[in-house]
Amino acid sequence: MHLHDLTIKKFHEGLVGKQFSAAEITKAYFDRIAEKDLEINAYLTVAKDNAFLEAEKADIAVAKGEEVGWLAGVPLAIKDNILIEGLPATSGSKILENYKAAYDATVIAKLKSAKAVFLGKTNLDEFAMGSSTENSGFKKTKNPHDLERVPGGSSGGSAAAVAGHMALGALGSDTGGSVRQPASFCGVVGLKPTYGAVSRFGVAAMASSLDQIGPLARTVEDAAILFKGIAGQDRFDATSVAAEYGEELLSPSLEKIKTMTIGLPEEYFISGLDPAVAKAMDEVITTLTSLGVKFKKISLPNTKHALSCYYIIMPAEVSSNLARFDGIRYGHVSAVNRREHTLAALYKKNRSEGFGAEAKRRIILGTFVLSSGYYDAYYAKAQKVRTLIKQDFTNAFRDVDVILTPVSPTPAFKFGEKTDDPLAMYLSDIFTIPVNLAGVPAISIPAKVETGKLPIGFQLIGKHWREADMLAVGQYYEKAIGRTV
Amino acid sequence: MAEINKKELEHLADLARLELNPKEEEKFLKDLSGILNYFQELNEVNTDNVPPMNGGTESKNIFREDGDSVSPSFRDPKNIIEAFPEKHSRHLKVPSVFE
């Protein structure tokens, strides 16, 4: 079995059919990483010893004839802001360069009990703040489709690992598009679940009212398998909800899809779209129409305010969440003499040496919008605009089941193209941000593009708790275009 | 809506326990004024009588039993002590709090 042909589903069939062992495939991935990751730089840490122990557990279970689930033995890459006990968890930041996770995130505990294998930890923009992975404190990850271009971000390492056949699937986190935009740039599937569907216990918090953990995978079905494996209520994350996710996630009905209406919001099909993106969207609409899906033009009138709203609320929460990194209990400690500085001065030294430019910029911006005198004009205003953005989706979903949009206005851009201008970088997330503000689920799926062209993703947005609808449409799209891996 | 001047930036950095060097100050003043300028478009949105959305969920008052709050892998403090910058066996050393 060649790694390029594998999906989670095919892996599972091969594993239980004893065509190969989890240890053999794990070894094949490490061989691939040793060769390919020299140029891609997707991984910050590889965890060979742990991974082979985990693979062995899956192999023993299969040998004993135990019934194992879809994820048993599946080699995964994990974004480095998600904790795996005993492994580094840098969050892409120098301030956590030497930090080792003290416990497992809930998603990791769930995957461990499903006997999944963790190949290593992947690169990201520092604390998941960025759209190109260029803000990593450690290295630049390259797009496997074009080494001169970014993989997107912030889950750029996870997307590049899956796209480069260096993992069968991956986890990322998505606060404003950080799973979907790199999935689009790298030509893989990326799912942002409904806010509350997946526990965030053990993920480094960035903006708590927006963060969700989500899977990256080669197919929509694989993303559905991973999502089902990590979803569920958790007593350690009070925002998590006991939602019912049944078999329909994996076994969608074509008859049901034929009765669906997909909305096309006019605010997302704008003249500024890259022609290649516009063309890809046309192809997707044509394919879905041929399956019997109906389309309807809709409006999400407050879309144009989403970027401002997000860049007030998110930094406000960042400034609060990143206050915990002070170098006292763990993390970077400045070399200055402790006795010669006050506690406040030590905090400043540890933090200023540890955080990179984007983290500092957002902490300052967040501190500003929360400060007395400006709170009402910025933060309180943005919270009200957020209500309007959410209402847009509620209104639209009275008429349609799923909404289709581009993921990003352009395909992957070149290194350095947007690093000097934060606003230009922020604009690459303009189509993914409203989803996080509203808390609805969305998925990025590669559209069919000509061989040799850069990947382009389309986004399906679902109603709260209705991941099943967009996963169903996505699975049928892949069948229709004949994509098998 | 307002611009951030140098004095204000230094105050914000102090509140956030950050030190900015002159180069960072110059860059941030430029970046922040661009970003705040962009935010002005929010003035055109009528938010009279719109309630604020102050979280990602509408859930309220999630309770749990006392004593049931610690993750299984957290019950053993070994890893947490391990991460501490300065320690002597199980004793943790922190900088002086009082000046």
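Two strands count as paired when DSSP finds at least two bridges between them; the exercises below apply this to a predicted model.

**Exercise 1.** Determine in which sense strands β10 and β11 of chain A pair, and which residue of β11(A) is the bridge partner of A:S444.

*Solution.* Begin with the two strands, β10 (residues 442-446) and β11 (residues 457-462) of chain A, which are joined over 5 bridges and run in the antiparallel sense. Next, look within β11(A), where A:Q459 is the bridge partner of A:S444.

**Exercise 2.** Describe the course of helix α13 of chain A, and state what covers its buried residues.

*Solution.* First take the span: α13(A), residues 376-396, reaches 29 Å from its first C-alpha to its last, close to the expected 30 Å. Then locate the kink of about 25 degrees, which is centred on A:A382, a residue that is itself buried, as are A:Y378, A:I389 and A:F393, among others. The cover over the buried residues includes α10 (306-321), α12 (357-370) and α15 (433-438) of chain A, together with α2 (22-39) of chain B.

**Exercise 3.** Work out how chain A contributes to its contact with chain B.

*Solution.* Start from the totals, which are 55 residues from chain A and 47 residues from chain B. On the side of chain A that touches chain B, the largest share, 11 residues, comes from α13(A).

Note on methods. Residues are numbered from 1 along each chain as its sequence is written. Chains are lettered from A and ligands numbered from 1 in the order in which they are written. This is a predicted model: local features need pLDDT of at least 70, side-chain atom pairs count only at pLDDT 80 or more; totals for chains, interfaces and linings use all residues. Helices (H or I, at least four residues) and strands (E, at least two) are DSSP runs, numbered from the N terminus. The expected span of a helix is 1.5 Å times one less than its number of residues. The bend at a residue is the angle between axes fitted to the seven residues ending there and the seven starting there. A residue is buried if 20 or more other C-beta atoms lie within 10 Å of its own, exposed if 12 or fewer, and partly exposed in between; C-beta atoms are placed from the backbone. Two residues are in contact if their C-beta atoms, placed from the backbone, lie within 7 Å.
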